[in-house]
Amino acid sequence: MRYRDGTDRRTAAIVLCAGKGERTGLGYNKALYMIDGEPMAVHSIKAFTDAGADKVLCVISPADEYALGVYAEDAGAELCYGGGTRTESVRRALACLDDDTEIVLIHDGARPFVTEEVIRGAAENAAENGSGIAAVPTTDAIKVVAGGKILSSPRKSDLYNAQTPQAFRFKEITDAYARVSGDYGDDAEVYALAGYTPRITVGDYANKKITTSADLILGADGLRTGVGYDVHRLVEDRDLILGGVYIPYEKGLLGHSDADVLTHAVMDAMLSAAGLPDIGNIFPDNDPEYKGCSSILMLSHVAKLLKERRLAAHYISAVIVAEKPKLAKFIPRMRETIARAANVPVSSVNIGATTTEGMGVTGEGKAIAAEAYVLAGSSRMR
Ligand code: CTP
Ligand code: MG
C-alpha cells in the first residue's frame, strides 16, 4: 500500500469471519448474510482490496469453507482457519502472514460498512505511531454498575467506542500476541497488555458491527419499494383471469395476453422495485409470442429477472378494483398462484378487492383495474 509519505509498505488485512454469529439468531454465520446482493464478508473484504491492501486474509471456520470460503476467495481474499475465540482467530491469522508484512489491519468481518477513508486513516496512524484503532466518541452516557447500583458516571468526553479496523506495525502486534494468553475483547487490549500504547484514529458511526437481529435491519439497506397499476376493458367472449385464476363471469378482460390485470400490476411493481423498465418494454404487446400468453408465466419470468440481480420480492400487496363479480372466494387461490410464480411464501402475498361504488369506468362495469405494491430486497440465503 502506498502511504502519504510516498513509501510503499507491505500491508495486510485480516478479516475475521470465523465466529458463529449466534446473537443474530439467523441460524447460520452472519458473515454470509446478504447485503445488497453480496454476503457481508464480501463487503468487508472488498473494502480492503479497494483501499489498496497488498493481501487480504479472510479467517473462517472449517465448517464454512464451502460457502463463505468460496465467496471470500472470489472476492480476492486468501483463507485461513480461525479458532474458538476471536483472540485465537487473530493469533492464527497473524501466524499465516509473511514475515515481510509491515502493517496489519485487523477487522471484524461483521463491519461491512467500513470505508476506505477509515482504513487508510488507521493504516497511516500505524505507520507513523505504531497503531491506529478506529474509534468514535461515545454518544450514550456510560455507567459503571454493580448489583444494579450505578457506582460512577465516567466523563463522556473521555469515552470512545472502539471499532475495527485496528491497525498495527506487524512486528509489534505479533510480539504482543506472543506474550499474552487468554481471551480479550479486541486487539488494542492485547497490544496494551504487552506494554505498547494503542492510539485511536478517526472511526465512523456508520461502521457498525452487525451483532443482533436489530442490526440486520440496518444491513438490509437494499430494501426498495415498487408500484404497479393496470386497467383492462371488460368485454364479451373473453375469459376473466385474475391472479392466474379463472373466474366464471359473463365477460372477460380484453388484451394482447390473457389481460390478467392483477398479475400485470404485480409484475410492474416488482420491475419498478428492481429499477427495471415496465412490462410493456419487457413483453411488447406487438410481439406474437405473448399473444394470449399466461400472465402467470410472465410473472415467473419477472421473478427470474429479479433473481439475476440478486433481488427478491419480500412482500406483495395488491388490490383489485371491480364492481362485479364478487371475488372474495377466489382470493386464496390468487394468492397461492401469485406466490408460486413470484417465488415468495403465500403469507407474503396480500390481495384485496374493492368497488368504486358505481363511479368511473370500473364502477360502470366497463373495466377492471388493479394496483400493487412490492417490497423487494436482497435475495438472502436461507
Ligand atoms: N470471530 C472470529 N473467530 C471467533 C469468534 C469471532 O473470527 N472464534 C469474528 C466474527 O466472525 C466477527 C468478529 O470476530 O466478525 C466479531 O465477533 P462477534 O461480533 O462476536 O461475532 P460472532 O462471534 O460471529 O457472533 P456471536 O458472538 O453472536 O456468536
Ligand atoms: Mg462472538
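Guide: Two strands are paired if DSSP finds at least two bridges between them. Helices (H or I, at least four residues) and strands (E, at least two) are DSSP runs, numbered from the N terminus. The model is predicted, with local features needing pLDDT of at least 70 and side-chain atom pairs pLDDT 80 or more, while totals for chains, interfaces and linings use all residues. Residues are numbered from 1 along each chain as written, chains are lettered from A and ligands numbered from 1 in written order, and side-chain values use heavy atoms, without hydrogens and water.

Visitor: Why are β1 and β6 called paired?

Guide: The definition asks for at least two bridges. β1 (residues 11–16) and β6 (residues 103–108) have 6, in the parallel sense, so they pair under that rule. Within this pair, Val15 has His107 of β6 as its bridge partner.

Visitor: What makes β5 and β11 edge strands?

Guide: The open sheet has 7 strands in the order β5-β4-β1-β6-β10-β7-β11, with mixed pairing. β5 (78–81) and β11 (200–202) each have a single partner strand, so one side of each lacks a neighbour in the sheet. From one strand to the next, the twist averages 30°.

Visitor: What is in contact with this sheet, and at what angle?

Guide: Helix α4 (residues 116–129) touches β6, β7 (131–137), β10 (160–169) and β11, and its direction makes about 55° with that of β10. Contact means heavy atoms within 4.5 Å. Axes are lines fitted to C-alpha atoms, for helices over the stretch in contact, and angles run from 0 to 180 degrees between N-to-C directions.

Visitor: Why is His107 called buried?

Guide: Buried means under 20% relative accessible area, exposed over 50%, and partly exposed in between (1.4 Å probe, protein chains only). The value for His107 is 0%, so His107 is buried. Its contacts beyond four places in sequence include Phe48, Thr164 and Asn207.

Visitor: Why is His232 called buried too?

Guide: His232, in strand β12 (residues 224–236), has a relative accessible area of 15%, which is under the 20% limit, so the word applies. Among its contacts beyond four places in sequence are Leu254, His264 and Lys366. The unreviewed UniProt entry annotates Asp230, His232 and His264 as "binding site", and such annotations may be inferred rather than shown by experiment. These residues are spread over 35 residues of sequence, yet their largest C-alpha distance is 10.2 Å.

Visitor: How do you know that the length of α8 agrees with its residue count?

Guide: The expected span is 1.5 Å times one less than the number of residues. For the 13 residues of α8 that gives 18 Å, and the end C-alpha atoms are 18 Å apart, so the values agree. Of these residues, 12 are buried.

Visitor: What does α8 pack on?

Guide: The open sheet of 5 strands has the order β15-β12-β18-β16-β17, with mixed pairing. α8 touches β12, β15, β16, β17 and β18, and its direction makes about 155° with that of β12.

Visitor: What makes a set of residues a nonpolar core?

Guide: The members are buried Ala, Val, Leu, Ile, Met, Phe, Trp, Tyr and Cys residues joined through side-chain atoms within 4.5 Å. The largest such core has 51 residues, of which Leu242, Met270, Ile316 and Met334 touch the most other members. α8 supplies its largest share, 9 residues. A second, separate core of 39 residues includes Val15 and Tyr33.
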